[in-house]
Amino acid sequence: MIIIESKKKSIESLKAKYPDAIIIDVTSKAEDDFVMFSPFFPHGGIPIPFSEGWGAASVEGIWQGLKVFEKGDVDKTFFIKRDMKNLKRTTRKYGSCLGHRKGVHGEELLGYIEARKQIYLPCYKWVLENKLQRLVTAVRIISKNKTVVLLDYETNADVNNTKSALSHASLIKAYIEGNYPECGSLTKAEADNQA
């Protein structure tokens, strides 16, 4: 069994709640190989959706780099950042976020949920499948015999919930359990709701 918990909780309280569990930090602050699950980790060579010939160091670099603001368009420097620091572009600095550009040179802007489905989910899945199979296999094997608690700063597992950031730990869990969220376009009803 795999459970998602907040990294903000104390290890002591988590050990008390899950006494026989294996607790694995999958954030950028992890101190072992599991740090590679962080979207900030610079795996390199991650294909940027809708951008033939373009790759990036990290999933977060793609997500932030394709954001379009009132005072800033795509920022290609985010695609090559490898130090896991300063990987956020904020509305305080750039004004309101208008959406995510559909590709480095795309003309279409995607809304937040659509961008999650067409950019973030496929990028993270690509990393799980192409860069993290050893660690995915380790978590899968451990979870068959013991409870695994994955620590993440976010615990939101609902792709359609925009009130908080999506938990990448929930994507690891979903991938291992064979129910990774569908990547691709919104249904017409979802698109109408987002408008």
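**Exercise 1. Helix H4**

Task: In this predicted model, compare the end-to-end reach of helix H4 with the expected value, and locate its kink.

Solution. 
1. H4 covers residues 112-130, which is 19 residues.
2. From the first C-alpha to the last, H4 reaches 26 Å.
3. At 1.5 Å a residue, 27 Å is expected, and the reach is close to that.
4. The helix does contain a kink: a bend of about 30° lies at tyrosine 120. Proline 122 follows shortly after tyrosine 120.

**Exercise 2. The nonpolar cores**

Task: Which residues of the largest nonpolar core touch the most other members, and which elements each supply at least two residues of this core?

Solution. 
1. As background, nonpolar side chains in soluble globular proteins tend to be buried together.
2. The largest nonpolar core here has 43 residues. Phe37, Tyr124, Leu128 and Leu150 touch the most other members.
3. The elements that each supply at least two residues are strand S1 (2-6), helix H2 (59-65), H4, helix H5 (133-145), strand S8 (148-152) and helix H6 (168-176).
4. With 8 residues, H4 gives the most to this core.
5. Take leucine 128 as a worked case. Leaving aside residues up to four places away in sequence, leucine 128 touches Phe37, Gln133, Val136, Leu171, Ile172, Tyr175 and Tyr180.

**Exercise 3. Salt bridges**

Task: State how many salt bridges there are, then describe the pairs formed by lysine 17, aspartate 25 and glutamate 108.

Solution. 
1. Side chains of opposite charge can pair when their charged atoms come close. With a cut-off of 4 Å between nitrogen and carboxyl oxygen, the count is 8 salt bridges.
2. Lysine 17 pairs with glutamate 5, at 3.2 Å from N to O. This pair links distant parts of the chain, 12 residues apart: lysine 17 is in helix H1 (residues 11-17) and glutamate 5 in strand S1.
3. Glutamate 5 has 5% relative accessibility and so counts as buried. A network of salt bridges links Glu5, Lys9 and Lys17.
4. Aspartate 25 pairs with lysine 7, at 2.7 Å from N to O. Because aspartate 25 lies in strand S2 (residues 22-25) and lysine 7 in the loop between S1 and H1, the pair ties together parts that are 18 residues apart in sequence.
5. Aspartate 25 is buried at 14% relative accessibility, while lysine 7 is partly exposed at 24%.
6. Glutamate 108 pairs with lysine 102, with 3.7 Å between the closest N and O atoms. Glutamate 108 is partly exposed at 44% relative accessibility, and lysine 102 is partly exposed at 23%.

**Exercise 4. The chain as a whole**

Solution. 
1. The chain has 7 helices and 8 strands.
2. Along the principal axes, the C-alpha atoms fill a box of roughly 50 × 40 × 30 Å.
3. Buried residues account for 49% of the 195 residues.
4. For contacts between residues at least 6 apart in sequence, 63% join residues at least 24 apart.

**Exercise 5. Loop residues**

Task: Where do phenylalanine 50 and asparagine 86 lie, and what is the phi of each? How far apart are the C-alpha atoms of aspartate 32 and serine 51?

Solution. 
1. Phenylalanine 50 lies in the loop between strand S3 (46-47) and strand S4 (55-56). Its phi is near 60°, a positive value in a residue other than glycine.
2. Phenylalanine 50 has a relative accessible area of 43%, so it is partly exposed.
3. Asparagine 86 is in the loop between strand S5 (67-69) and helix H3 (91-94). Its phi, also positive, is near 50°.
4. At 64% relative accessibility, asparagine 86 is exposed, being over the 50% cut-off.
5. Aspartate 32, in the loop between S2 and S3, is partly exposed at 41% relative accessibility.
6. Aspartate 32 and serine 51 are 19 residues apart along the chain, and 32 Å separates their C-alpha atoms.

Methods. Residues numbered from 1 in each chain as written. Predicted model: local features only at pLDDT ≥ 70, side-chain atom pairs only at ≥ 80, totals over all residues. Heavy atoms only, no water. Helix = DSSP H or I, 4+ residues; strand = E, 2+ residues; numbered from the N terminus. Expected span 1.5 Å × (residues − 1). Bend = angle between axes of the 7 residues up to and from the residue. Core = buried A, V, L, I, M, F, W, Y, C linked by side-chain atoms within 4.5 Å. Buried < 20%, exposed > 50% of the residue type's maximum accessible area, 1.4 Å probe, protein only. Contact = heavy atoms within 4.5 Å. Salt bridge = Lys/Arg side-chain N within 4 Å of Asp/Glu carboxyl O.
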